[in-house]
Amino acid sequence: MKTKFILELADVKTIAAAAEAEALKNSWAVSIAIVDDGGHLLWLQRLDGAAAISAHIAPAKAHTAALGRRESKVYEDIVNGGRASFLSAPEVKGLLEGGVPVMKDGQCLGAVGVSGVKSSEDAQIARAGIAALGL
């Protein structure tokens, strides 16, 4: 039987605090979502000034990154590369950069999704949050 790593509440709070700090440092108004390995929402926060739609997009990016076990940008690149049929894939709803999986020893523990600024900046915030875990 294998041992499975999971995100505990303390981990989620650590990720959220570091992601928020990265966003505030750059004066970026975003929503930050953290999900478990099944894409279930564990945390959602919308910073002051973030667009309402970002609170829907951030969880979708996180969900996609968790289920796919790869950054959501991979899927954006697939579609932009001409494989439009990928838009019909089930459960893949956040096809924009900004969803980053939380990986430990080859296992996906969950993912962070951010929305509100340029997609590359969203990903920067997500990575900063994950980096705080020291994995």
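A residue counts as buried when its relative accessible area is under 20%. By that cut-off, 8 of the 9 residues of strand 4 (residues 107-115) are buried, so this strand is largely enclosed by the rest of the structure. The model is predicted.

**Strand pairing**

- Strand 1 (residues 31-36) and strand 4 run antiparallel and are joined by 6 bridges.
- Ser31 has Ser115 of strand 4 as its bridge partner.
- Val100 has its bridge partner in strand 4, namely Val112.
- A hairpin is formed by strand 3 and strand 4, with 2 residues between them.
- Asp105, in the turn of this hairpin, has a positive phi of about 50°.

**Aromatic pair**

- The structure holds 1 aromatic pair.
- Its rings belong to Tyr75 and Phe86; the centres are 5.3 Å apart and the planes are at 10°, so the pair is stacked.
- Tyr75 lies in helix 3 (residues 73-80) and Phe86 in the loop between helix 3 and strand 3 (99-104), so the pair ties together parts 11 residues apart in sequence.
- Tyr75 is buried, with a relative accessible area of 7%.
- Phe86 is buried as well, with a relative accessible area of 15%.

**Charge over a ring**

- Lys104 places its charged end over the ring of Phe5, at 4.8 Å from the ring centre.

How values were computed:
Residues numbered from 1 in each chain as written. Predicted model: local features only at pLDDT ≥ 70, side-chain atom pairs only at ≥ 80, totals over all residues. Heavy atoms only, no water. Phe/Tyr/Trp six-rings, centres within 6.5 Å; stacked < 30°, edge-to-face > 60°. Helix = DSSP H or I, 4+ residues; strand = E, 2+ residues; numbered from the N terminus. Buried < 20%, exposed > 50% of the residue type's maximum accessible area, 1.4 Å probe, protein only. Lys NZ or Arg CZ within 6 Å of the ring centre and 35° of its normal. Pairing = 2+ DSSP bridges.
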